[in-house]
Amino acid sequence: MIFWQILRFAIGGLAANKVRSALTMLGVLIGVASVILLLAVGNGSSAAVKNSITSLGTNSLTVSSGASFGGSRSAATTKKLTVADAKALADPSAAPDIKSVAPVVSTSATAIYGDISYTPGSVLGTYPAYFETANEKIAKGDYFSADDVLNARKVAVIGSTTATQLFDTDDPVGKSISLGGTPFTVVGVLQTKGGSTGFSDPDDVVIAPLPTVQNAFTGFSSVSQILVQATSADTTTQAQSEITSVLMGTHSLTDPTKLDFRVSNQASLLTARESTTKTFTVLLGAVAAISLLVGGIGITNIMLVTVTERTREIGIRKALGAPKAVILGQFLTESTLLSVLGAGLGVAVGLIGSHFKVVGIVPVVIPSSVLGAFAIAVAIGLFFGSYPANRAASLRPIDALRHE
Amino acid sequence: MARRGRARHSGTAPTPETETGPATPVPVIQIQRLTKAYGHGDATVHALRGPDDPETGLPAGVSLDIDEGDFVAVMGSSGSGKSTLMNILGCLDVPTAGRYLLDGIDVGHLDEQQLSLVRNRKIGFIFQSFNLVPRTSALAQVELPLAYAGVKAAERRKRALAALSLVGLSERSGHKPNELSGGQQQRVAVARALVTAPAMLLADEPTGNLDSHSTEEVLQIIDGLNATGRTVVLITHEDEVAMHAKRVLRLVDGKVISDVRQGPVAGPPPVLAAQLRQRAAAGELIGGRQ
């Protein structure tokens, strides 16, 4: 019963200064809402990164030329990756966990269609296996075939961004574009992958048969990457070691610590990118936490003002026999009510706000952040309210009554 | 006419009791060699000192007994120590030295928690500046001490309404302090002071901020309460107010310089007694008592 009484006193106290109570609550509201929203944005961007990486294919491995981290080799002994390396990897007896191999050369060239000139993000020359390994799906038309590769036909599959840039609303399939002066026939348009995360747009690409691109642009000496698909996501580790041993053979290397190529799988890419976004999320969370703390200090501040302002009332209540615990309870309840109401509204604002896109990122609310922010706000109310409440409760009745 | 003993529920009409108590009245307040000093060393000021001890020359302190059912007025100019005495009697302040027994309890040994209980159960305060809780209705004001005492809501309401009707304000139970006149505010404060049926009413210049009409009203209520057996200690500097008391103490420089009895401890206070006699005489004149 006395609890309800204290609650009624506290609500009365808050209602006496509605604007002040509302503004104090606003501080907590902003704190809680920003914690929820900023963590959701961080989480959303990390989810976007994860999405874009898994869209590359979870069981694909990328072999690229160059010394692995920490390996120091002179440039003279570095052998570039070649189509021969790719062929060696495709041997099922040497590498049983490898499903398919696609050597990739990349270059850049300006594409011209009619009077539109556009430079796509990259021009790739590869094998049809690339599409499956890189998780590229066709939207219109078809992939180029192994036959196209063998005959080095001048055909190309283009990404959706490139398609929009060059053809606008026209259907690109069957049209001819000029790529660095060489005419190519567009045979297919890829599905939009999305997930651009500030690096490169995976949809801004032109993919053509390997020999065609080598012939027209890069020459036949080396390839920039070999894309390898493992038989399943579970066998990527075995596939990785098979690649290493096969390529050590073809590159006549003996020291596994001194390699002139690098095998990276999507998992390691994923971890690297995830740690980046985690840092991002932590930073956002820290900023939000600071604003929550400021909201808490706002509570202390306003409760101190309230206590000072109501010193006389406290004196009267004490003269009427209010025990210390009741006075303490009343002011603590007031500050906790402020924080609970502020946090509740903050949760509502945070959840509503997370339905909107923030700087191109769809926020993904972390349920524990909602609970956590709410709990922390309530704890802050208790903690930051306890000092003023304690001050009120410890006032000597005679001093409180004499207070002007 | 003389009612002894305290009624359990002061709000409701106190049950008349026959003279069963001891013939000598029990002191409700006993203070022995009480001093109160502010400051330290040479700067020490004794707000309450009593006569100087003939041997040591140090303040011997104020000693005083107040009987149950008495109506004591403490008079003195400002700085005479009367407010200090009142604060100590009300357990709002602690004496520097000496003993204070309220209703047989040695208040000096109580902790903060117990003191608040004593203030709640034993003492009803009436202040010069009314000291109502702002933005709170008259009924809630009067319920407040009962709420702190842990009385249940329905009972609280009943007793608060009874106390308000006793001071003639049952019509205004829903009004907030800023909607009441000064006299009405003070009457709410009186109702609040008596609702817990305290051992004593402590009034600090209760009429200091009131016009003469409201002063009469409030004093009449206090007279009536004393007539029903409630002990009243009243601080004032006005002779007209002191006239209502059965016993008048004068304080100068923290010492009691005179202690005059104006009426017996039992029975109604002098002003009320005179009114009653007048009414009775008038009744006899027109033949027969009511």
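## Helices in chains A and B of a predicted model

Just after α7(A) comes G219(A), which takes a positive phi of about 85°.

Another helix of chain A, α8 (residues 236–250), holds T244(A). With a relative accessible area of 19%, T244(A) counts as buried, because buried means under 20%. If its neighbours within four places in sequence are left aside, T244(A) is in contact with L259(A), F261(A) and V263(A).

In chain B, helix α5 (residues 182–194) packs with helix α6 (residues 212–227) at an angle of about 15°, and their axes are 9 Å apart. Since angles under 35 degrees count as roughly parallel, α5(B) and α6(B) are therefore roughly parallel to each other, and their crossing is right-handed. The residues that make this contact are set out by helix in the table.

| Helix | Residues in the contact |
|---|---|
| α5(B) | G183(B), Q186(B), R187(B), V190(B), L194(B) |
| α6(B) | S214(B), E217(B), V218(B), I221(B), L225(B) |

The residues of the contact of α5(B) with α6(B) divide into 5 nonpolar, 3 polar and 2 charged. As background to such lists, an α-helix has 3.6 residues a turn, so residues three or four places apart point the same way.

Conventions. Residues numbered from 1 in each chain as written. Chains lettered and ligands numbered in written order. Predicted model: local features only at pLDDT ≥ 70, side-chain atom pairs only at ≥ 80, totals over all residues. Heavy atoms only, no water. Helix = DSSP H or I, 4+ residues; strand = E, 2+ residues; numbered from the N terminus. Buried < 20%, exposed > 50% of the residue type's maximum accessible area, 1.4 Å probe, protein only. Contact = heavy atoms within 4.5 Å. Axes fitted to C-alpha atoms, helices over the stretch in contact; angles between N-to-C directions. Parallel < 35°, antiparallel > 145°, perpendicular 65-115°, else oblique. Left-handed = near helix turned anticlockwise from the far one by under 90°. Nonpolar A, V, L, I, M, F, W, Y, C, P; charged D, E, K, R; others polar.
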